[in-house]
Amino acid sequence: MTNAPAASEDPGRVELDAASSEPLHPAAREALVAALEQGYADPRRLHRPGRSARLILDNARAVVAEALEVRPDEVSFTASGTEAVHRGLLGLLRGSRRGSRVVHPAVEHAAVRHAAAWGGEPVEVSVDEWGRVDAAELAAAASHPETAVVALQVANHEVGTVQPVDRVELPDGVPLFTDACAAMGRLTLPAGWDAAAGSAHKWGGPAGVGVLLVRKGARWRNPFPGDDRVDERTSGFENVPAALAAAAALQAVVAEREAVASRQRALVDRIRSAAAAIPDVEVVGDPVDRLPHLVTFSCLYVDGEALVHALDRRGFGVASGSACAASSLEPSAVLAAMGVLTHGNVRLSLARDTTEADVERLLAVLPGIVADLRAEVGR
């Protein structure tokens, strides 16, 4: 195991919440600064600044397409990953000639579950103890004649378990939407989907840029009011400089993926082993077939929010609860669906420059913090 170069300007803090938002990749920062001067205009316009903005936008689309091994005309930029999820899923639903059933595992992100409930009739399929759905059970649920679309994430955003996207055999006429927000750039995009969504700030691009992919020939129809823009699948004025920065970050992340993932897997294995050694701590998610940078564990007799604050006071930034809905303080729907401990959980997700020393510093204080919190409640 080797140390990566330390990038943090504050050696006193260690941020371990890259799954919520990865720090801006240097390639993104460089592209963003350059594009701010040339990409401010409306890319629909025919004057010189407009043509310049259109060129930058088309270049960003081409770079993303190459990184994800898709066609440039299958790539759209949205205002967020959530918007990409909504447009991708609801667009397939609107294009369906079947009914309104949206079949999905119980561990899908809230953006998927909310869209399914808003636009159709959601049908949840159970998962195993690792959070993985059985491909045959998902296909069986999709065999109902009223099924319009199936949603299946590439990898789970809370526990990291990879899903069998490329092994699902759906009935003819039932498209597959895949939420790739947690995995895009970190894993090779699987085959078999009709529409997919990604979020730039999760791979080191700027916030406020989502990527919507719609396969050529997919029966996708715009689920929202149309707009007279460059791309008919989106609406509103594109953030051209941010799109280029997102593309530059994705290109860089894909290029360095093998080396970074290998180092992160070793560090996460170290965390999983050390956390499991603490009494009454449960490490969740598949230990092998998972996202390389993410681990979640739950501590019996410990409040998750209290654990997050205690770690924060010691200089460690981590997430707890239902990842993207932690402010609600509701138990994690993902962990509940897996049948594992739902309280006292924390999610650690490594950034590209997290070092072995960072991890060892955390592991040196973690057992004592857990013991102190348990002592406060008489455990």
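Modeller: Before we start, "buried" means under 20% relative accessible area, "exposed" over 50% and "partly exposed" in between, with a 1.4 Å probe and protein chains only. This is a predicted model, so local features need pLDDT of at least 70 and side-chain atom pairs pLDDT 80 or more, while totals for chains, interfaces and linings use all residues. Residues are numbered from 1 along each chain as its sequence is written, and side-chain values use heavy atoms, leaving out hydrogens and water.

Biologist: Why is strand E8 largely enclosed by the rest of the structure?

Modeller: Strands here are DSSP E runs of at least two residues, and helices H or I runs of at least four, numbered from the N terminus. Gly210, Leu212 and Val214 point one way from E8, with Val211 and Leu213 facing the other way. E8 is largely enclosed because its buried residues number five of five.

Biologist: In E8, which residue is the bridge partner of serine 76?

Modeller: Strands pair if DSSP finds at least two bridges between them. E2 (residues 75–78) runs antiparallel to E8, joined by four bridges. Serine 76 bridges to leucine 212.

Biologist: How many residues of helix H3 are buried?

Modeller: H3 covers residues 81–95, 15 residues in total. Its buried residues include Gly81, Arg87 and Leu93. H3 is mostly covered, with a buried count of 12.

Notes: The expected span of a helix is 1.5 Å times one less than its number of residues.
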